[in-house]
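Here's a quick briefing on a protein structure, covering its ring pairs, its disulfide, its cores and one of its helices. Have a look at the model first, then read on.

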Amino acid sequence: MNELVCDAIAARRRLRFVYEGYERIVEPHLYGINTANHEALSAWLVAGWTASTPEPGWRNYLVAEMADVHVLATPFEGPRPGYNPDDPGFRQIFCRLAGALAGAGEGIGEGAGETPNADALYHAGRSRMEAGDAAGALALLERSVALEPHFLTLELLGECLLALGRPREAIVPLAASTGLHLQSRAPARLAEVLLALGRREQADELAGRALAVDPDNEAARAVRETVRREREG
């Protein structure tokens, strides 16, 4: 399974890749095994080129033929018209885009008409965090993690707990996120927490892991510099 594809879907970020010799930029919606037993991606083409139909719209791509895949910083709002999360062209689904959400988590919860999935809860929690409502985000993120402990949700849950002044509780979700996916943000945040709690050696080790992935990570650099000064002092 291509984790970059699922990461892009979870974060609602566009993908860039080369397919049949042409660059494509797409909004990924659904990834899994199609009825021909191939890993495939259903996505909305927003830029790039195809030999036959260059207009934007729905496309299916064989993942094995996608080259030079990158997750872009450019976000997209949600599903395009005609999106079917239960596409009959797929016999197994690895990850899929959740339906559109109402404002900062409104409509997510009991009595909303249907049981929300982990992805919907994650995006609702992120919206609450962006609105400065860490307490409201916490309940949504905890529900999302209970359904599916995705590394992005665990990372955000840890940041939520930090925002609420609960650093010791933040250690578990940040450590779990670090273990699930080797990327720099969770290890760097965890390093900051451990340093604040006086666990200098562990903090230094995690900061080193973060810098190995992202040499420009300022938080990780600050942790290592602090540990260095403390050792010299």
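Two rings of Phe, Tyr or Trp (its six-membered ring) count as a pair if their centres lie within 6.5 Å; planes under 30 degrees apart are stacked, over 60 edge-to-face, and the rest tilted. On that basis, ring pairs link F17, Y19 and Y61 into a cluster. Keep in mind that this is a predicted model: local features need pLDDT of at least 70, side-chain atom pairs count only at pLDDT 80 or more, and totals for chains, interfaces and linings use all residues. Residues are numbered from 1 along each chain as its sequence is written, and side-chain values use heavy atoms, with hydrogens and water left out.

**Aromatic pairs**

- The structure holds 6 aromatic pairs. Y19 with Y61 is one of them: the ring centres are 5.0 Å apart and the planes sit at 80 degrees, so this pair is edge-to-face.
- Y19 belongs to strand β1 (residues 13-19) and Y61 to strand β4 (residues 57-62), so the pair ties together parts 42 residues apart in sequence. Strands here are DSSP runs of E, at least two residues long, and helices are runs of H or I, at least four long, numbered from the N terminus.
- Buried means under 20% relative accessible area, exposed means over 50%, and partly exposed is in between (1.4 Å probe, protein chains only). Y19 counts as buried because its relative accessibility is 7%, and Y61 is buried too, at 2%.
- Y31 and F94 also form an edge-to-face pair, at 5.1 Å centre to centre with 75 degrees between the planes. This pair links distant parts of the chain, with Y31 in strand β2 (residues 22-34) and F94 in strand β6, 63 residues apart.
- Are the two partners buried or partly exposed? Y31 is buried, with a relative accessible area of 0%, whereas F94 counts as partly exposed at 27%.

**The disulfide**

- Searching the whole structure turns up 1 disulfide (a pair of cysteine sulfur atoms within 2.5 Å).
- C6 is joined to C95, with 2.1 Å from S to S. The link is left-handed, with -95 degrees about the S-S bond.
- Distant parts of the chain are connected here: C6 is in helix α1 (residues 3-11), C95 is in strand β6 (residues 90-96), and they are 89 residues apart.
- Both ends are buried: C6 has a relative accessible area of 10%, and C95 comes in at 13%.

**Nonpolar cores**

- A nonpolar core is a set of buried Ala, Val, Leu, Ile, Met, Phe, Trp, Tyr and Cys residues joined through side-chain atoms within 4.5 Å. The largest one has 32 residues, and L141 and V223 have the most contacts inside it.
- Helices that each supply at least two residues of this core include α1, α3 (134-147), α4 (151-163) and α8 (218-232). The most comes from α4, with 7 residues.
- Skipping neighbours within four places in sequence, V223 is in contact (heavy atoms within 4.5 Å) with A191, E192, L195, A203 and A207.

**Helix α3**

- Among the buried residues of α3 are A134, G136, L141 and V145. What covers the buried residues of α3 includes α2 (118-130) and α4.
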